[in-house]
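User: I would like to learn how to read a few features of a protein model. Can we go through them one at a time?

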Amino acid sequence: MNGRGSSNRLSSTSGFRSRISFLMLSMFSTMAALYVAGRLWLDSENRVYLIEELDRRTGQGHSAISVDDTLKIITCREQQKRLAALQTELGKASQEGFVSKNLLDNSERDSKKKLLAVVGVSTNFGNKKNRDAIRKAWMPTGAALKKLEEEKGIVIRFVIGRSSSRGDSSDRAIDDESRRSNDFIIINDHVESPQEQAKKTKLFFVHAAENWDAEFYAKVNDNIYVNIDAVGAVLASHLDKPRVYIGCMKSGEVFSQPENKWYEPEWWKFGDGKSYFRHASGEIFAISKALAQFISINRSILRTYGHDDVSAGSWFIGLDVKHVDEGKFCCASWSSGLSLSLSLSLSLSPPLDIKDSEKENAIASFCSSY
């Protein structure tokens, strides 16, 4: 009896233990499964995040744009910044009561037809007789000057700076003459001096390019006579050349002796041979609009030498410029009657009572500087 009961208790105890073991194993298996599932889910989330971050940083996702689009966006943003800065500056200027003359004149200038040429006659304080002779010979005055601009598209102005003693009798005399004739460009930032002629020529081109929209800009000395009709015809024949430099082309010796009339202070820059590069004679030469704009934009870094003709030639070295050696712009060509000749037949100018022999003498004297 005792043996049978003992065996029954042992069998029931072992069954109970086996059930507990099974339950514990099941719980452990369940927990292990949950742990593994959680880790797998976490890993998958990390992979998704990493893929999205990679796409975002490499630009391979849905937000990717082409290189061209990116450059357009950058350019647009830069233009917006510049526009905002300009608007700020314009607002400040308006508050201070200043409005750019160019802005005021834009609509008026656009409504007019484009000019053929702006001609600047370089003069100085002691040359009033030259100016009066030019006004009587080939440069119209008053309403005729305006008519020349409207009908032939040619603007002519005397170009002069200021006295070293600002406001003295020389300045007052020029101001009075300018009020009467209305045919001057007075460069207030330039002091008249023979040594500063090159700077004066540069400032003329800057002023002319900023105030008139023309195909050509020409510089003329006030000791020569010019046939404006012929000069206009020569310039018109080169309208197909966007960057052209027209004149009596020459070279020549560089003088290193200070006592020489044509002394070049920086003679040592022209090499061992001391010979000038090709350039137009300073009596009269013309440049196209693109070159005048180039001078205007780069005015602060363009070098000037002892003479304005050499300086002008140096500004175009290294540029894609067409040099035109125009014989009609040379003093020796006055017999052709096309350029450096006394024009008495201009309908817009009052005729002079001068005989042919006197005319030749006048021409010679007005070309005597070269």
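Analyst: What follows takes a strand, a loop residue and a cavity in turn. Bear in mind that this is a predicted model.

User: In which sense do β1 and β4 pair?

Analyst: The sense is parallel, and 7 bridges link β4 to strand β1, residues 115–122.

User: Is Q195 buried or exposed?

Analyst: Q195 has a relative accessible area of 60%; exposed means over 50%, so Q195 counts as exposed. Q195 sits in the loop between β3 (184–191) and α7 (197–211). The side chains of Q195 and S193 make a polar contact at 2.7 Å. Along the chain, Q195 and D308 are 113 residues apart, with 9.5 Å between their C-alpha atoms.

User: How many cavities of 30 Å³ or more does the structure hold?

Analyst: The general idea is that rolling a probe the size of a water molecule over the atoms shows where empty space is left. In this structure there is 1 cavity of 30 Å³ or more, and the largest cavity has a volume of about 30 Å³.

User: Which residues line the largest cavity?

Analyst: The lining consists of G120, S122, V159, Q197, K200, T201, F204 and K219. Both β1 and α7 give two or more residues to that lining, and α7 gives the most, with 4 residues. By class, the lining has 2 nonpolar, 4 polar and 2 charged residues.

Key. Residues are numbered from 1 along each chain as its sequence is written. This is a predicted model: local features need pLDDT of at least 70, side-chain atom pairs count only at pLDDT 80 or more; totals for chains, interfaces and linings use all residues. Side-chain values use heavy atoms; hydrogens and water are left out. Two strands pair if DSSP finds at least two bridges between them. Buried means under 20% relative accessible area, exposed over 50%, partly exposed in between (1.4 Å probe, protein chains only). A polar contact is a pair of N or O atoms within 3.5 Å; within protein, one must be able to donate a hydrogen and the other to accept it, and residues adjacent in sequence count only if both atoms are side-chain atoms. On a 1 Å grid over the protein atoms alone, a cavity is a set of points where a 1.4 Å probe fits but cannot get out, and a pocket is an open set with protein on both sides within 12 Å along at least five of seven lines; lining residues have an atom within 4 Å of a point. Grid points are joined across faces, edges and corners, and a volume is the space filled by probe spheres set on the points. Ala, Val, Leu, Ile, Met, Phe, Trp, Tyr, Cys and Pro count as nonpolar, Asp, Glu, Lys and Arg as charged, and the others, Gly among them, as polar.
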